[in-house]
Amino acid sequence: MKCICEGINLSEAVLKVVKACASKTTVPVLECIKLSAKNDTLTLSATDGEISIIKSIPAEINEEGEVCVPGKYFSDFIKKLEDVQLVLSAEGRKMDIVYADSQTSMQVLPADDFPAIDLDIRENSFKLKTSDLKRFITSTSFCCASDDSRPILKGCQFVINGEDICVTSLDGFRLATVSGKVISATGNMEIVCPARTLNEIEKMIPEGEGETEIFVQRGMILVSSENTVLTSRLYGGDFIKKENIIPRSFITTVTVDRDKLKASMERAAILVRGDKNSLIIFDISGDTVEISSASEIGNVQEPVKAEIDGKDVRIAMNSKFIIDAVNALTEEKIVLSFNNQVQPFTCQNAENKDTLYLILPVRTSNNA
């Protein structure tokens with residue numbers, strides 16, 4: 001294999017596909033990026049068995065061929081060469097990289113060992129506005145579980161019913177759900193996509209107006225955008241039904257200025273950020289939400305004016321969970337809804353109720 005390409009093009013491509021390289025594996029080729037030079041195109045591929053990313057860039061091909069380069073090292077090296085033209089030539093177990101007046105050699109693996117990536121995923125699909133897809137992902141993926149105790153909770157559930165779509169995630173302590181519309185769909189469907197995959201899709205698809213189509217088949221999805229193709233396995237199993245978790249009614253509702261509440265919570269969280277639960281307390285009564293926290297460092301007590309309808313409530317919560325939820329909301333006024341100090345409460349925009357966050361309170365000696 002021998003080809004010539006621009007450093008900036010190769011660097012951008014490498015930085016995209018290296019995200020699919022395995023980090024801890026007993027199969028060395030899964031830590032690699034496969035380079036395929038053919039028909040004036042250099043194609044980069046990476047997979048860890050769950051997610052695969054393929055990206056093509058223009059190149060002058062002097063000799064067609066394929067080779068596998070160590071992904072992390074190749075990525076770190078190439079991003080230092082964005083402003084020069086590169087000549088890549090591989091033979092046997094070695095690849096030479098020529099740039100300006102310099103040359104570097106790198107050990108490589110044969111491309112024959114690289115697993116085949118299935119791109120024949122076209123049976124079912126749904127299409128939606130790219131801006132909506134980005135919003136669905138950023139509004140829910142941060143609430144997915146990060147540990148392997150319940151793998152299905154590491155993904156977001158997409159439920160499509162006619163033209164309606166609902167995306168839900170939860171980690172056992174909090175839940176996020178957002179609803180919207182699809183442009184088209186081949187039929188009703190329900191899938192659970194890994195949060196890691198969705199975050200890569202969100203980075204891959206362009207900003208602005210446009211549409212994105214997601215293809216689904218045999219427990220796999222495929223998304224294509226701007227010479228980049230991503231495929232991923234989906235999670236199997238039964239996802240938790242949010243209808244069984246979200247309360248149907250509430251005793252107390254609080255309408256409050258989002259920015260003022262956020263600023264007060266962030267100050268209170270500073271003193272407890274080293275604690276296990278990063279606990280802050282809402283004391284809701286009259287027309288005020290008093291936000292407090294206490295630790296060995298000191299304590300904070302701040303009143304925030306609000307419109308309160310219902311009974312007084314004193315409730316403790318993980319500061320990160322509530323701050324994440326408030327950060328994800330977009331309106332000037334938000335609504336928090338409570339039942340008591342031990343039942344989950346919700347957070348929503350005051351007007352547009354298509355996004356909802358549910359948070360489980362933390363039991364303390366004062367509210368057990």
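Me: What should I know about the model before we start?
Reply: The model is predicted, so local features need pLDDT of at least 70, side-chain atom pairs count only at pLDDT 80 or more, and totals for chains, interfaces and linings use all residues. Residues are numbered from 1 along each chain as its sequence is written, and side-chain values use heavy atoms, with hydrogens and water left out.

Me: Which strands form the 5-strand sheet, and in what order?
Reply: The order is β5-β1-β7-β8-β9, in an open sheet with antiparallel pairing. Strands here are DSSP runs of E with at least two residues, and helices are runs of H or I with at least four, numbered from the N terminus. Two strands pair if DSSP finds at least two bridges between them.

Me: Which are the edge strands?
Reply: β5 (60-63) and β9 (102-107), each pairing on one side only. From one strand to the next, the twist averages 20°.

Me: How many bridges join β7 to β8?
Reply: 6 bridges, between residues 85-91 of β7 and residues 94-99 of β8. The two strands run antiparallel. Ala-90 stands opposite Met-95 in β8.

Me: Which strands does α1 touch?
Reply: Helix α1 (residues 7-17) packs on the sheet against β1 (2-6) and β7. Contact means heavy atoms within 4.5 Å. The direction of α1 makes about 95° with that of β1. Axes are lines fitted to C-alpha atoms, for helices over the stretch in contact, and angles run from 0 to 180 degrees between N-to-C directions.

Me: And where does α2 lie?
Reply: Helix α2 (residues 71-78) lies across β7, β8 and β9, at about 10° to β8.

Me: At what angle do α1 and α2 pack?
Reply: About 145°, with the axes 9 Å apart. α1 passes α2 in a left-handed crossing. A crossing is left-handed if the near helix is turned anticlockwise from the far one by less than a right angle, and right-handed if clockwise.

Me: Which residues meet there?
Reply: Gly-7, Leu-10, Ser-11, Val-14 and Leu-15 in α1 meet Phe-74, Ser-75 and Ile-78 in α2. By class, this contact of α1 with α2 has 5 nonpolar, 3 polar and no charged residues. Ala, Val, Leu, Ile, Met, Phe, Trp, Tyr, Cys and Pro count as nonpolar, Asp, Glu, Lys and Arg as charged, and the others, Gly among them, as polar.

Me: New topic. How many aromatic pairs in the whole structure?
Reply: The search finds 5. One of them is Phe-77 with Tyr-99, edge-to-face, 6.0 Å centre to centre and 70° between the planes. Rings of Phe, Tyr and Trp (its six-membered ring) pair if their centres lie within 6.5 Å; planes under 30 degrees apart count as stacked, over 60 as edge-to-face and the rest as tilted.

Me: Which elements hold Phe-77 and Tyr-99?
Reply: Phe-77 is in helix α2 and Tyr-99 in strand β8, 22 residues apart, and the pair links distant parts of the chain.

Me: Now the 12-strand sheet. What's the order?
Reply: β15-β11-β12-β13-β26-β25-β24-β19-β22-β21-β20-β23, open and antiparallel. The edges are β15 (189-194) and β23 (313-318). Neighbouring strands are turned by 25° against each other on average, direction ignored.

Me: How many bridges pair β19 with β24?
Reply: 6, in the antiparallel sense, with β19 at residues 252-257 and β24 at 333-338. Val-254 stands opposite Leu-336 in β24.

Me: Which strands does α3 touch?
Reply: β11 (155-161), β12 (164-170), β13 (174-181) and β26 (355-359). The direction of α3 makes about 170° with that of β13.

Me: And how does α6 run relative to β23?
Reply: At about 90°, lying across several strands, including β13, β24 and β26.

Me: What about α5 against α6?
Reply: Helix α5 (residues 258-270) and helix α6 (residues 319-328) pack at about 155°, with axes 10 Å apart. So α5 is roughly antiparallel to α6. Angles under 35 degrees count as roughly parallel, over 145 as roughly antiparallel, 65 to 115 as roughly perpendicular and the rest as oblique. α5 passes α6 in a left-handed crossing.

Me: Which residues of α5 and α6 make the contact?
Reply: Among them are Leu-261, Met-265 and Ala-269 of α5 and Ile-322, Ile-323 and Val-326 of α6. By class, the contact has 6 nonpolar, 2 polar and 3 charged residues.
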